[in-house]
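Notebook open, viewer open. I want to look up a few helices and a couple of loop residues and jot down what turns up.

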Amino acid sequence: MLRVLFPLLLLTALPALATPPRLTLFITVDAMGSDLLLRTKPRLKGGLRQLIDSGAFYPYARYGYAKPRTAPGHTTLATGANPWRHGIVDNRIIDRATGKPERVFPDPAHPVLEAPLSQEDVSPANLMAETFADRLRLSTQEQGKVIALSGKARSAIPLAGRLGQAYWFDETVGKFTTGTWYTKELPGWLKAFNAANPAEAWFNKTWEPLLPRTAYVGEDDRPYEGEHYGLGRVFPHPLTGGLPSPGPQSYTAFAISPLSMDLVVKAARAAIEGENLGKDEVPDVLTVSFSATDRVFHQYGPNSWEMQDTMHRLDKAVGDLVALAERAAGGRANLLVVLSADHGGAAVPEHWAASGVDAERVDPRALSKGLTEALRARFGGDVTATVEELDVYLGGKTLEGGKVDGAAVRRAAAAWLAKQPAITLAVASDDLYTTPDVAGWVEPLRKGYYPGRSGDVLYVVKPFHVISAESVGTNHGTPYAYDQLVPLVLAGKGVKPGIYPREISTTDVAPTVAAALEMNLPASAEGEPRYEALVPSR
């Protein structure tokens, strides 16, 4: 009897004996849309390509809301929710009282450490949903560590959540920092890292092509590329920022270049060693967001030599980062790697137009001016309209004082916008949940809407129309595939390798991470775990 019973008891106990990965490496690549990765993948040979080939590759993960941007994208990946639940609707919103923009993660009560006071992103106070980092901290009774590193605060903060630790590169001082929400003093490992002034090592260097020039497609010099911070339009790109010695402009020039990815990897090494990540059976998480890809995308466009070069440098950086994580966890058997992106991006509209596409650059300042004039002509007073991407914020004492019917003003604004040649749909917030959704554009607007933070009127531009106040470069933030679709890669412990070409939602990412870590889903998650890519525990 005992001979029969013992194997049964052992089988019953097997799920309990299964352990989650010691370390989860969560990588986000800012502005790496599916089209960018898919056309680049055949030429990649380093860590990014190896990760795709050895893992579960989802080419098409879609953001379900209309305005894919950096802050909401990272927050959706972290929470498994859309902005209508997590509250992070854009990188910045408009203060209706002043008509001026403000960051989405500000917090005067928790200023940045060891850097000048500013109105930049500093804390998760505005984050309205639980992240997988928060869930890990709670499920391990705060024994599991979560460290988030990025070139941007608005990327690191949502990945760290409220209970992890977020650190980001501050371009005013050329060092990594954080806000007092997370800690009152920088940890020793980060103090030592900053003390070496690592960003200054790149001051006298230039960004050169990584590959022979014959390996790049198209032309290096294109008239619709940007040349901010003294970088210029063609290789080689100087990193001095036009300064005689290191300073904020040179730090920004360096941060724009993909060479800054090396600094992020070195900071990750310091964090792994300083925090002893992956050294015991309690699961830890290291999140790393590469921001240079987005900076290059905006200035040069996704078809440029600069972006092609950046993708090859990313290929190497991912390999270096995964190697660090593997060593920390004691091998791939103890490591889970997750890689995705916060949004895709449009080509430079002039590039599209030159190819025969009906493309156009849409200046939000012209929309703001025209709409303001139309509203004042109809309602009088000082009604103002400020366009921030796909949101229109209405203000002015006339509106705030109740001298006019606010709903009438909002509906009039929507009607005016809908008549503009570049716009396919506009809807007042009053009608967002009742207007017929004939073409399917209203639902993405709904998922991206959060009362008090979103605009009074929301709209959608036509395909291949890029909202940009700049005369060069490009942008993202529309409900089209080139902006919404991003890749997802899972690799390592508990992952079933393969290509999974079905479209999934980016809200599935956080639940999948939670399932792999054998913990409950984040509280407000809308997505579901991708069980087809996970090996059962037993």
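This is a predicted model: local features need pLDDT of at least 70, side-chain atom pairs count only at pLDDT 80 or more; totals for chains, interfaces and linings use all residues.

Next I checked the length of helix 14. It covers residues 364-379, and at 1.5 Å a residue its 16 residues should span 22 Å. The end C-alpha atoms are 22 Å apart, so that agrees. I also listed what is buried in helix 14: Pro364, Leu367, Ser368, Gly370, Leu371, Thr372 and Leu375.

Then over to helix 10, residues 260-275. I ran the length check here too: 16 residues at 1.5 Å each should give 22 Å, and the end C-alpha atoms are 22 Å apart, so helix 10 agrees with expectation. Its buried residues include Met261, Leu263, Val264, Val265 and Ile272, and Glu275 is on the list as well. Asn276 follows helix 10 and has a positive phi, near 55 degrees.

How do helix 11 and helix 12 cross? I looked at residues 292-300 against 305-329: the axes come within 9 Å and cross at roughly 170 degrees. An angle over 145 degrees counts as roughly antiparallel, and helix 11 and helix 12 are therefore roughly antiparallel to each other. On the helix 11 side I wrote down Thr293, Val296, Phe297 and Tyr300, which meet Glu306, Met307, Thr310 and Leu314 of helix 12. Sorted by class, that contact has five nonpolar, two polar and one charged residues.

Loop residues next. Ser123 is in the loop between strand 4 (100-103) and helix 6 (132-139). Buried or exposed? Ser123 has a relative accessible area of 0%, and under 20% counts as buried, so Ser123 is buried. Its side chain makes a 2.7 Å polar contact with the side chain of Asp107 and reaches the backbone nitrogen of Ala125 at 3.1 Å. Leaving aside neighbours within four places in sequence, Ser123 also touches Phe105, Pro106, His110, Ile157 and Trp181, among others.

Last stop was Asn91, in the loop between helix 5 (83-86) and strand 3 (92-95). Asn91 is buried too, at 6% relative accessible area. A polar atom of the Asn91 side chain lies 3.4 Å from the backbone nitrogen of Thr70. Beyond four places in sequence, I found Asn91 in contact with residues including Arg69, Pro72, Arg103 and Arg154.

How values were computed:
Residues are numbered from 1 along each chain as its sequence is written. Side-chain values use heavy atoms; hydrogens and water are left out. Axes are lines fitted to C-alpha atoms, for helices over the stretch in contact, and angles run from 0 to 180 degrees between N-to-C directions. Helices (H or I, at least four residues) and strands (E, at least two) are DSSP runs, numbered from the N terminus. Angles under 35 degrees count as roughly parallel, over 145 as roughly antiparallel, 65 to 115 as roughly perpendicular and the rest as oblique. Contact means heavy atoms within 4.5 Å. Ala, Val, Leu, Ile, Met, Phe, Trp, Tyr, Cys and Pro count as nonpolar, Asp, Glu, Lys and Arg as charged, and the others, Gly among them, as polar. The expected span of a helix is 1.5 Å times one less than its number of residues. Buried means under 20% relative accessible area, exposed over 50%, partly exposed in between (1.4 Å probe, protein chains only). A polar contact is a pair of N or O atoms within 3.5 Å; within protein, one must be able to donate a hydrogen and the other to accept it, and residues adjacent in sequence count only if both atoms are side-chain atoms.
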